[in-house]
Every structure is written in C-alpha cells, then in structure tokens.
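The stops below go residue by residue.

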Amino acid sequence: MAAVAKVTAPRISPIRLDELRDDPAPDFQRGERYDGVRLTRAVADGAELSGADFIECEFNGVSFNEAQLRGANFRDCILNEPYAPVFTAARTSWREVEISNPRWGSAEMYEGAWHSVKIDGGKLDFLNLRGSKLTDVVITGCIINELDLGACTATRMVLKDCTIGTLDVTGAKLKDVDLRGSDFRMINGLGGLSGVVIDDYQLSLLAPLLAGHLGIRVI
C-alpha cells in the first residue's frame, strides 16, 4: 500500500485580549498607533490610515469602507463583522489575527504579509492577495466570488468548507495548501496548483481542466 502523504497543518494560536479600553469615538489618523483598544460600531469610512499600527485591538462591527490602510499593521487583533464594500489594504501586515464574518466587497490586500491568520465565515466579492506571503492561514465557511492567489507564496494554508467562484493561482508557490472540502467553479493558472492537497471529488471535477491544460484528448 502506498504511503499517505502527510500535510502539515497551519499553526494557529488563540488570541486572548485582556484589559482593553473602550474608545467610542476614535480619532483615526495616518501612521498612528492604536494599542489595547476596543472599537465597537466605529466608522472609519474614508479615513487615511496608511502605515497605522493596531496592536492588541478588538474591532466589533467597524466600517472601513474606502479607508486607506496601505502599509498598516495588525498584530494580535480580533475583527468581528468588519464591513467595507471597498477595502483598500495593500501591503498590510497581519500577524496573529482572527477575523469573523467579514463583509467585504472588493478587498485589495495584494503584496501583504499574513502570519497566523484565521478567517471564519463571511462573504467577499473579491479577495486580492496577489503577490502576498501567507504563512499559517485558515479560512473556513467563507463565500468568496473571486480569490486571487496569483504570484503569492503560501505555506500551511487551509481553505475548508468554502464556496469559491474563481480561484487564480497563476505563478503561485504553494506548500501544504489544503483545499479539501471547498467548492470551486473555476481555477485559473492550473500550473500553480503544485503543492496543494485535494480530495477525490475535487479531482473528478478538475479532470477536464487538467486534461485540457496538459493537451490530453479524452475520446
């Protein structure tokens, strides 16, 4: 009997936030540091937050629509039901972060760095992670119309019980990326699938695409 390949699971540690102070009316500013605060139903729509640092913060129902978060840093943070039809967060750093039920339309998060990040539930129209470095990432129960992992480097990543319209892995470098249990309607860049783990059912669905990619005719 052939040996079963072992998949290294993501290393995710639970986040514990103690002694947070509530800030009902935060003054959002570019490059500011926010440390140990709880933000509930705050509105950061259109705010200039490029280069801001959020350390040990909890966000509850915060709206970031069209906020400028380029180069911002999120570390040891919990985001519950974040909202943004347009989420502009390119080149951001996310380390030890939990996100639950995000409602993002277009999430521009390309060329970012994710380490120990968990997303649970929610719906996203477009999640652009092109060129990002993803390490120890778990996404569960999420509906994503389009997921762009093109040219990204992903290690120990799981997509579980997700429904994804189009997955783009063109030029991606993937290792221990577990796609079992998720549904995909279309996959672009089939050559970038090297390093992923799929189940038998997914293989049967991918067979026609793989045959076409390899120039195999099935008669």
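**Stop 1: Asp148**

Select Asp148 and Gly150: the side chain of Asp148 reaches the backbone nitrogen of Gly150 at 2.8 Å. Keep in mind that this is a predicted model.

Now show the side chain of Arg130 as well. The side chains of Asp148 and Arg130 make a polar contact at 3.0 Å.

Is Asp148 buried or exposed? Its relative accessible area is 9%, and because the cut-off for buried is under 20%, Asp148 counts as buried.

To see what surrounds Asp148, select its contacts, leaving out residues up to four places away in sequence: Phe126, Leu127, Asn128, Leu129, Arg130 and Asp168.

**Stop 2: the aromatic rings**

Next, display the aromatic side chains. The structure holds 10 aromatic pairs. Start with Phe54 and Phe74: the ring centres are 4.8 Å apart and the planes stand at 20°. Planes under 30 degrees apart count as stacked, so the pair of Phe54 and Phe74 is stacked. This pair links distant parts of the chain, with Phe54 in strand β4 (residues 53–55) and Phe74 in strand β6 (residues 73–80), 20 residues apart. Both Phe54 and Phe74 are buried.

How are the rings of Phe59 and Phe74 arranged? Their centres lie 6.0 Å apart and their planes are at 55°, so this pair is tilted. Phe59 sits in strand β5 (residues 58–60) and Phe74 in strand β6, so the pair ties together parts that are 15 residues apart in sequence. Phe59 is buried, as is Phe74.

Now widen the selection to Phe28, Tyr34, Phe54, Phe59, Phe64, Phe74, Phe87, Trp94, Trp104 and Trp114, which form one aromatic cluster.

**Stop 3: Leu209**

Finally, select Leu209, in helix α1 (residues 200–214). With a relative accessible area of 31%, Leu209 is partly exposed. Its contacts, not counting residues up to four places away in sequence, are Ile187 and Leu190.

Notes:
Residues are numbered from 1 along each chain as its sequence is written. This is a predicted model: local features need pLDDT of at least 70, side-chain atom pairs count only at pLDDT 80 or more; totals for chains, interfaces and linings use all residues. Side-chain values use heavy atoms; hydrogens and water are left out. Buried means under 20% relative accessible area, exposed over 50%, partly exposed in between (1.4 Å probe, protein chains only). A polar contact is a pair of N or O atoms within 3.5 Å; within protein, one must be able to donate a hydrogen and the other to accept it, and residues adjacent in sequence count only if both atoms are side-chain atoms. Contact means heavy atoms within 4.5 Å. Helices (H or I, at least four residues) and strands (E, at least two) are DSSP runs, numbered from the N terminus. Rings of Phe, Tyr and Trp (its six-membered ring) pair if their centres lie within 6.5 Å; planes under 30 degrees apart count as stacked, over 60 as edge-to-face and the rest as tilted.
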